[in-house]
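Here is a friendly walk through one protein model, from its strands to its nonpolar cores. Please keep the structure open as you read.

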Amino acid sequence: MEFELVCEGLEFPEGPIAMNDGSVILTEIKGQRLTRVRPDGSKELVVETGGGPNGAAIGPDGAIYITNNGGAFQWLDNAGMTIPGPTPPSHTGGSIQRYDLTTGALTTVYDSCDGRRLIGPNDLVFDKAGGMWFSDHGCSTPEGRKFGGVYYAKVDGSHISRQRDHIISPNGIGLSPDERTVYLADTQLGRLWSFDVAAPGELAPAAGFATGNVVCNLPGYQLLDSLAVEAGGKVCVATIINGGITAFDPSGTTEHYAFPDLIVTNICFGGPDMMTAWITASATGKLFKARWPRPGLKLNFNG
């Protein structure tokens, strides 16, 4: 696949949003901020968020909603690459933040569910009703992992529910074009899960002992990060170690598009025909732009 370098010098970028003016707003997890990248590659600060801004999306009110992991990683340098390391002892949990593009106000919408602190919110997607599905990645501890889960919440702060719990490492989350299916990438397992939606904001009970439906497990040692869905239903998941984007068909078949970074973390679609893809290459701090072979799914809300 042909691609071009749009911007470099970013501090572990993720969470790209394709804006209507041709710019991309993305998170810099290590940099603890939202940054706008203009088409000419220039950068400007949007807001300093603190913690670890991971995923970002435009909500029904035009604000940017941010899944902030609360600073869940120590940052390591490996031969010039930025690598996320263990969770620091100072980490106490993460939150869902709202940034108003008009007023510049940054607020916290949620930091707990049913009296239990959110651990490391990671990625989010809005349904047609204006509610957000989001993943909580959990975090590492000296004894092992705190598992994560899948949540649904309303943007006004009135409702949050935990729809799945005790998942090893929930990361990218997305909706099928008909919104009858939630897709979830599990980083450590290299697995793409799917869950049936019973009603808006409610997952159907899991069948048997499984957490959900297994779309596909990648072979060998490959890790999965955030994702975006194509208009035709394929799920494009950023892939670590085998750096690039893996497109999963709901039938379980895959195709891989390589990008020059060990830790490719996310993809978003935009442009008039939704065939322009922006890819965050985080170990090297770069944003790439590519002509995708198929159109991406237009999100319910855009900025």
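The protein chain has 31 strands and zero helices; helices (H or I, at least four residues) and strands (E, at least two) are DSSP runs, numbered from the N terminus. This is a predicted model, where local features need pLDDT of at least 70, side-chain atom pairs count only at pLDDT 80 or more, and totals for chains, interfaces and linings use all residues. Residues are numbered from 1 along each chain as its sequence is written, and side-chain values use heavy atoms, with hydrogens and water left out.

Some values for the whole chain:

| Property | Value |
|---|---|
| C-alpha box along the principal axes | roughly 50 × 40 × 40 Å |
| Buried residues (under 20% relative accessible area, 1.4 Å probe, protein chains only) | 56% of 303 residues |
| Contacts (heavy atoms within 4.5 Å) between residues at least 6 apart in sequence that join residues at least 24 apart | 46% |

Now to the interior. A nonpolar core is a set of buried Ala, Val, Leu, Ile, Met, Phe, Trp, Tyr and Cys residues joined through side-chain atoms within 4.5 Å. The largest one has 27 residues, and Ile64, Leu118, Met132, Phe134 and Ile160 touch the most other members. Among the strands that each supply at least two residues of this core are E5 (43–48), E7 (64–68), E15 (132–136) and E18 (148–153). A second, separate core holds 17 residues, including Ala238, Ile267, Ile279 and Phe288.

Which residues does leucine 118 touch? Leaving aside residues up to four places away in sequence, its partners include Ile96, Tyr110, Cys113, Phe134, Tyr151 and Ile160.

How values were computed
Buried < 20%, exposed > 50% of the residue type's maximum accessible area, 1.4 Å probe, protein only.
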